[in-house]
Amino acid sequence: AGYYNHNDVVTISVEPNFGYAFVNWTSEGEVVSTDKSFTVTVTDDISFTANFVEAHSTILKNGWNWYSSYVDINGADGLNFMKKELSGVANILKGKSEFSNYMSDYNLWLGDLKTTSTEEMYMIHLEDYEYTFSVAGLPVNPEEYPIELNPNWNWMAYPVSFNMSVNEAFVNHKPSHGDILKSQTKVCQYYEGVGWMGELEIMEPGKGYMYQSNAQESITFPYPNMGSTRGARNERNAEKYWDVDETKYSTNMNVIAIVMQDGKEVSDCEVAAFYEDECRGSARPMYIEQLDRYLTFLTIHGEGGETLKFKYYDIHTGEVSDLLNEMTYEVDGINGEVANPYIFGNNISDINAIGEVLSNGVDFYPNPVNDKLYIETEVEIEEVSIFDIYGRIQNLSNSATQQLNNSIDVSGLTS
């Protein structure tokens, strides 16, 4: 609003509030512009009205964002809307197998991404911006937008307008043993009879996810439209000693591990992955009640091929020390699992104990076993420990372990 001289050229612009999307400008009931900013030459008294609708609004950070929508973005129309809204803000819009790049000099998107889907997640890269991205429309019914999971990795959306626990989000889906679900910053793993375990506990609107399915065939399932955890808390973000910029890289990998110091498992610590002087990820052990054990679910960000080294932070003393572990960054790689965690340690005997024995050649048979487990190896056996699929050590009787020449009596163990 204001007073202007005849033939003044005036620019009018508007920004919608969070949760709303701009539709158009109208004057006396006629649409005069569909752009948030437009110019007009003043020749007479005139008024303009900005029109808005409810929308799914998400704050996109400078850098890479894993995104999905709970408003319908299906088809070429959905892609065209995203391109229009992100022009001049984002420079890459990436699906699992196709992408588009924004050419700012020509105000043009180029690439082989032809459509978008409400059932899939996308990676969006912003340069020098933090932007509130709004998609006009009401929340979809997630039961009408089922998710298809194929064997191995899937780029999966969360078309739900409220938070939900991971266990409840998958109430209509039967995961396979060892399936992996990860976000841009966290990961969890499914174990039969126990459920999902890991730092990723809550699924949130606007975020994209990746799911590694161990099933041998494709599976389709819908998210529930209602749930007892509707409106559940946001993801817990534990205090960290090291800062990590997860938006710098589009991909990540994960490590599920235990932490050992001088032969003992420890929990009051933080482990971080470094490439040269840059921290690529850090995590603290979390207590897994079903296992009565602390596990570390570490998400590491990178590009591929970097040699990673690791540091250890003692929460009580504040001391930082180097761990002996090294690892090559692998896009979507998984090192360790809940039942067989990777080992971080400061002692070579801790992290290499298993590998040294296996490298000398050890054969176990039969598999499965009922009564006697036979062992063939050229190395001297000092001790044998047996763990169940959840990582819990099983107690063997003295009579079972006193003869370790070539067999162990396991008849007393429950299956």
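Is N154 buried or exposed? Select N154 and look: its relative accessibility is 4%, so it counts as buried, since buried means under 20%. Keep in mind throughout that this is a predicted model.

**Stop 1: around N154**

N154 sits in strand β13. Now zoom in on the side chain of N154. One of its polar atoms lies 3.0 Å from the backbone oxygen of N152. M121 and N154 are 33 residues apart in sequence, yet their C-alpha atoms are 9.1 Å apart in space.

**Stop 2: T118 in its loop**

Move to T118, in the loop between β9 (108-111) and β10. How buried is T118? Its relative accessible area is 0%, so T118 is buried. Follow its side chain: it reaches the backbone nitrogen of I73 at 3.0 Å.

**Stop 3: helix α1**

Select residues 75-86, which form helix α1. Does the length of the helix fit its residue count, or what span should you expect? At 1.5 Å a residue, its 12 residues should span 16 Å; the end C-alpha atoms are 17 Å apart, which agrees. Colour G78, L79, M82, K83, E85 and L86: these residues of α1 are buried. Step past the helix to G88. This glycine follows α1 and has a positive phi, near 80°.

**Stop 4: strand β7 and its partners**

Continue to residues 90-94, strand β7. The strand is mostly covered, with 4 of its 5 residues buried. Which strands pair with β7? One is β10 (residues 122-126), in the antiparallel sense over 4 bridges. Another is β8 (residues 99-103), also antiparallel, joined to β7 by 3 bridges. With 4 residues between them, β7 and β8 form a hairpin. Pick K94 to see both pairings. It stands opposite M123 in β10, and opposite F99 in β8.

**Stop 5: a sheet with a helix on it**

Show β3, β2, β5 and β11. In that order they make an open sheet of 4 strands with antiparallel pairing. The edge strands are β3 (30-33) and β11 (131-136), each pairing on one side only. From one strand to the next, the twist averages 50°. Bring α1 back into view. The helix packs on this sheet, touching β5 and β11, and its direction makes about 150° with that of β11. Now look at β5 (residues 49-60) beside β11: they pair in the antiparallel sense over 6 bridges. Within that pairing, S57 stands opposite S134 in β11.

**Stop 6: another open sheet**

Select β24, β23, β27 and β28. This open sheet of 4 strands has that order, again with antiparallel pairing.

**Stop 7: the largest nonpolar core**

Finish inside. The largest nonpolar core has 22 residues, and I288, L295, F297 and V338 touch the most other members. Several strands each supply at least two residues of this core, among them β6 (63-67), β13 (152-156), β16 (187-191) and β26 (293-302). The largest share, 3 residues, comes from β21. Last, select L295 and show its contacts, again leaving aside neighbours within four places in sequence. L295 is in contact with A257, I258, R284, P285, M286, I288, V338 and P341.

Conventions
Residues are numbered from 1 along each chain as its sequence is written. This is a predicted model: local features need pLDDT of at least 70, side-chain atom pairs count only at pLDDT 80 or more; totals for chains, interfaces and linings use all residues. Side-chain values use heavy atoms; hydrogens and water are left out. The expected span of a helix is 1.5 Å times one less than its number of residues. Buried means under 20% relative accessible area, exposed over 50%, partly exposed in between (1.4 Å probe, protein chains only). Two strands pair if DSSP finds at least two bridges between them. A nonpolar core is a set of buried Ala, Val, Leu, Ile, Met, Phe, Trp, Tyr and Cys residues joined through side-chain atoms within 4.5 Å. Contact means heavy atoms within 4.5 Å. A polar contact is a pair of N or O atoms within 3.5 Å; within protein, one must be able to donate a hydrogen and the other to accept it, and residues adjacent in sequence count only if both atoms are side-chain atoms. Axes are lines fitted to C-alpha atoms, for helices over the stretch in contact, and angles run from 0 to 180 degrees between N-to-C directions.
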